[in-house]
Structure formats: structure tokens, C-alpha cells
Amino acid sequence: MEKLKIIGAPDSHETLINTLKLVDSCKILDAPAGTGVLAKRLKEMGHDVHCADIDPGNFRLEGVPFTKVNLNEQIDLPCESFDAVVCANGVHRLFNLGSCLREFGRVLRANGTLYINFNNYASIERRLRFLLYGSIDNAINDPHCNQTIDSPQANIRIALFVPHLVNELRSAGFEVQSIRSAAVRKSDLILAPFGWMFRFLSLLVPTSSYRRNHLSWANCSGVVPGGRYMLIEARKTK
């Protein structure tokens, strides 16, 4: 079998994998699955994995069930059929995020866990980059999204920020448990003092605005200084 490649930075999954190593073997939905590189690691840990993606042409993993899905629409899988859902490097490529999260909640069993690994567009490096370039990420400016199909819904890419995602998660019946940094580089460590400054300054924001913008999460240590990616762990509450 050919070597599977991550659609994203090579080290973007490491925090997620280290987290799931501590989870007892369970039934997991990996969506979007990409090439199957993450599902392969999950199977090696002993998890029962089902993969789903809009682009079957990218999927390379053998011996794992696969369902073609458009995460902007209803997922063709039974209710309460998974203990956990892993959505790695995918939520920033959706135009109907709320629907996707509600569907994840539907297929999760009671108290199931959703793991969302996605680009950290609010790291200190990207905040400073915006001041210089007026853009937070080169990849957003690049129309190439590494897909094998031409469907517009498979090739969208947006800058998704923590307050928006937290609001959508709560509306879908989830509560955020933690946010951890992923793919941390030397430049992130060098810029760490700026992160502490932002966290301090956020304490001066009026309480109503602080809560509305979820600054306790948006400026937490998993986001600023943070890394190139972040991992959000959310629990199904209803």
C-alpha cells in the first residue's frame, strides 16, 4: 500500500493522536478522512474506525469502512452509532458548519466526544502577520486545495476563528472541554511573550464583550501563543 499523506502540515495530527492514545478503545467516526492517514493510526491504537469524506479519490486506506458524505448536509449514518467523532483539518472547509456539528451530535452516543483539529488562525504569528499583509494565511489565498474532484463544496476554505466555533458548538449541543495547541514551532515559542500580553489585555475588556467573544477560550494558552493548529475537545451535552 502506498504511503498515506496528511492533507495539511505533516505534524498537524500529533496533539490529536497523543490525546487519543489515552482514550479507551471505542468506535470512532473519522470525517473528513482525507487519505486515511489518521484512521490508520487510530486502528493501530485499537479503535474501531469508520471513515467518511466528500472526495473518495483521496482515500487510500484498505480494510476500513468508508462512506461518501458532504459534511454540509445530512450524514448518511445511523443515530447514536459512535462513541467519538474526529474532525481533523476539516471545519474550515465547510460553508454550513452548524449543520455539520448537529449531524456529529446526532451520530454520537450520549456523552460522546467530538475532537476538532483545525488551523489556528488566531495565533500570535498570524495576528501579527495580518498587520503586515492584511491576510492571515497564504493557503487561503491559494486556490489549490489538494482535491481530486471539482465540486465547489470540496474546495472551499475559510478563516474560522474560535468564538464562531464555540458558538456553533453550543448551539449544536456541545460544551467545550479543552483547547490544546498543535504543530508548535520555534517561532511560536519566540512570540510567546506577545501571547501573554494579549491574555493580560483581554482582562480589561468589558465583561459582556468578554463573554460574547468567548475570550477565555479565544485567548487561552492553546490559541495564543499556540501553534499552527489547535485541538478542541467538546462533549455532547444533549
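Q: In this predicted model, what does "buried" mean for a residue?
A: Accessibility is judged on the protein chains only, with a 1.4 Å probe. A residue over 50% relative accessible area is exposed, and one between the two limits is partly exposed. Buried residues are those under 20% relative accessible area.

Q: How many disulfides does a search of the whole structure find?
A: A disulfide requires two cysteine sulfur atoms within 2.5 Å. For Cys87, the nearest cysteine sulfur is that of Cys100, 5.5 Å away, and Cys87 is in no disulfide. From Cys100, the closest cysteine sulfur is that of Cys87, and the separation is too far for a bond. The search of the whole structure returns 0 disulfides.

Q: Is Cys100 buried or exposed?
A: The limit for a buried residue is under 20% relative accessible area. Cys87 has 0% relative accessibility and counts as buried. Cys100 has a relative accessible area of 0%, so Cys100 is buried.

Q: Over the ring of which residue does the charged end of Lys27 sit?
A: A charge counts as sitting over a ring if it is within 6 Å of the ring centre and within 35 degrees of the ring normal. Arg129 lies over the face of Tyr133, 4.3 Å from the ring centre. The charged end of Lys27 is 5.2 Å from the centre of its ring, which belongs to Phe82.

Q: What is the radius of gyration of the protein chain?
A: The chain's secondary structure comprises 10 helices and 7 strands. For 238 residues the globule rule gives 18 Å, and the chain's value is close to this, so the chain is as compact as a globular protein of that length. The radius of gyration is 17 Å.

Q: What percentage of contacts between residues at least 6 apart in sequence join residues at least 24 apart?
A: Buried residues make up 52% of the 238 residues in the chain. Its C-alpha trace spans about 50 × 40 × 35 Å along the principal axes. Of the contacts between residues at least 6 apart in sequence, the share joining residues at least 24 apart is 74%.

Note on methods. Residues numbered from 1 in each chain as written. Predicted model: local features only at pLDDT ≥ 70, side-chain atom pairs only at ≥ 80, totals over all residues. Heavy atoms only, no water. Helix = DSSP H or I, 4+ residues; strand = E, 2+ residues; numbered from the N terminus. Rg over C-alpha atoms; globule rule 2.2 N^0.38 Å. Contact = heavy atoms within 4.5 Å.
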